[in-house]
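I opened my notebook to look up a few things in a structure that was new to me.

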Amino acid sequence: MRPWLASLRDRRRVLSGSRRSARCAGIFLLAFACQAAAQFKDPQDGAFDASEWLLDKKGFLPMPILITEPAVGYGGGAALLFFRESLRERTVKAAEAQRLSPPDIYVAAFAATENGTKVAGAGGMVTFAEERWRWRGGIGVPDVNLDFYGAGGRLGTGEQKIGYNIAGLLSTQQLMRRLGDSDNWIIGRWIWLDLDATFDSAHPQPVLPPGSRAVRSSGLGGSLEHDSRDNFFTAARGLKGSVEAIFYSPDWGSDNKYETYRALAFGYVPLGERLVLGGRIDMRSTSGDVPFYQLPFIELRGVPLARYQDQRSGATEAELRWNVTPRWALVGFAGIGRAWGTRTSFGDADNVKAWGAGFRYLVARRLGLYAGLDIAKGPQDTAIYIQAGSAWR
């Protein structure tokens, strides 16, 4: 046989083998894609659904972070979660205890935004001792750029606002104990803040009480919490509420002596088969030598964080969810708030209003988890919020 003919036949064998390998690889990839598609397909209605994947997921899970908060601008990051047990395993335990609780989760995360803000942190949530005890905690390293408008909306410099940076270390730790077999918890909490606040040197410095830029704060306190929601992702009925008091003192490492108080409640009521009405109220108060960055502020969709601050703040919001189909829902919401205490009483404070609408998709039917997007209009701007679960926490 001529050498060139043998070489040609060898090449044909190689090419034929390569084609067979390519076909096998293609079949393998197609089978993998079909399996993956089947995993995210609900057998009940054939729609995209992540229930099975989320129910069985344990170990490490990377997750993207998307930020649309108008106070810091658009941004993003990544989080690495670790599930000690899957939601399915937690559900089995919950059936034995006749009570559903979240799985044990640990997380590390980093995020940044377009205005130069950067935040890194780690934390976790663990339930133990037959669902009677729970620990939640985390530490963070913030480097945040915000605007300060003054307590009561007045800087005392003739300008409307001044930019500032706050950076350092923070920690929050809380130990929770269930009261009997009820939905009520008693909570002990410790907050540690070691922060440095620096205002933009190109502008006149705001007039602040001595010690309001305290570098170190250490607060001990507690709260009572009730949670009877039917789902801790996206509830359709039930109530969550808490009252909290934190006391900062040099006796346990704080530079200043002051107190912070908060009362929060939100609940849901079904209106027929397709409508769910939700309501929320949030009251905050402080006393003593409070650092300016810990002054209470109005928290509403459509209002930048820390835009309206004073010694006290209050906000209320209503939301109506219409389940148009078993998978898709529309939401509409409106809220109003006030901040007062430094120069004005509650009756003289200005109203801050915000409203908006959005949509939700049931991404995990068996978990009752909705995700979607809200567009909110506040006094100054229109903001976009990406939602996973409830907008209220």
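How many salt bridges does a search of the whole structure find? I got 19. A salt bridge here is a side-chain nitrogen of Lys or Arg within 4 Å of a carboxyl oxygen of Asp or Glu.

I noted the ground rules next. This is a predicted model, where local features need pLDDT of at least 70, side-chain atom pairs count only at pLDDT 80 or more, and totals for chains, interfaces and linings use all residues. Residues are numbered from 1 along each chain as its sequence is written, and side-chain values use heavy atoms, with hydrogens and water left out.

**Salt bridges**

I looked up R284 and found two partners. D282 meets R284 at 2.8 Å, N to O, and E299 meets R284 at 2.4 Å. R284 lies in strand β11 and E299 in the loop between β11 and β12, so this pair ties together parts 15 residues apart in sequence. Strands are DSSP runs (E, at least two residues), numbered from the N terminus.

Is R284 buried or exposed? R284 is buried, at 12% relative accessible area. Buried means under 20%, exposed over 50%, and partly exposed in between (1.4 Å probe, protein chains only). D282 is buried too, while E299 is partly exposed at 32%. I also saw that these three belong to a salt-bridge network, which includes R262, R280 and D374.

I then checked D147 and K161. Their closest N and O atoms are 3.5 Å apart. D147 sits in strand β5 (residues 133-148) and K161 in the loop between β5 and β6, 14 residues away. Both are partly exposed, D147 at 30% and K161 at 37%.

**Nonpolar patch**

I found a nonpolar surface patch of about 780 Å², with W322, W328 and F359 among its residues. Patch residues have over 30% relative accessible area and no salt bridge, and nonpolar side chains are joined within 5 Å. Strands β10, β11, β12 and β13 each supply at least two residues. L271, another member, is in β10 and is partly exposed at 40%.

**Cavity**

I counted one cavity of 30 Å³ or more. A cavity is a set of points on a 1 Å grid over the protein atoms alone where a 1.4 Å probe fits but cannot get out; lining residues have an atom within 4 Å of a point. The largest cavity holds about 100 Å³ of space. Its lining includes Y268, E319, R360 and S390. I sorted the lining into five nonpolar, three polar and three charged residues.

Key. Patch = residues over 30% accessible without salt bridge, like charges linked within 9 Å, V, L, I, M, F, W, Y side chains within 5 Å. Areas by Shrake-Rupley, 256 points an atom, 1.4 Å probe, with all protein chains shown as cover. Helix = DSSP H or I, 4+ residues; strand = E, 2+ residues; numbered from the N terminus. 1 Å grid on protein atoms, 1.4 Å probe; cavity = no way out; pocket = protein on both sides within 12 Å on 5 of 7 lines; lining within 4 Å. Points joined across faces, edges and corners; volume = space filled by probe spheres on them. Nonpolar A, V, L, I, M, F, W, Y, C, P; charged D, E, K, R; others polar.
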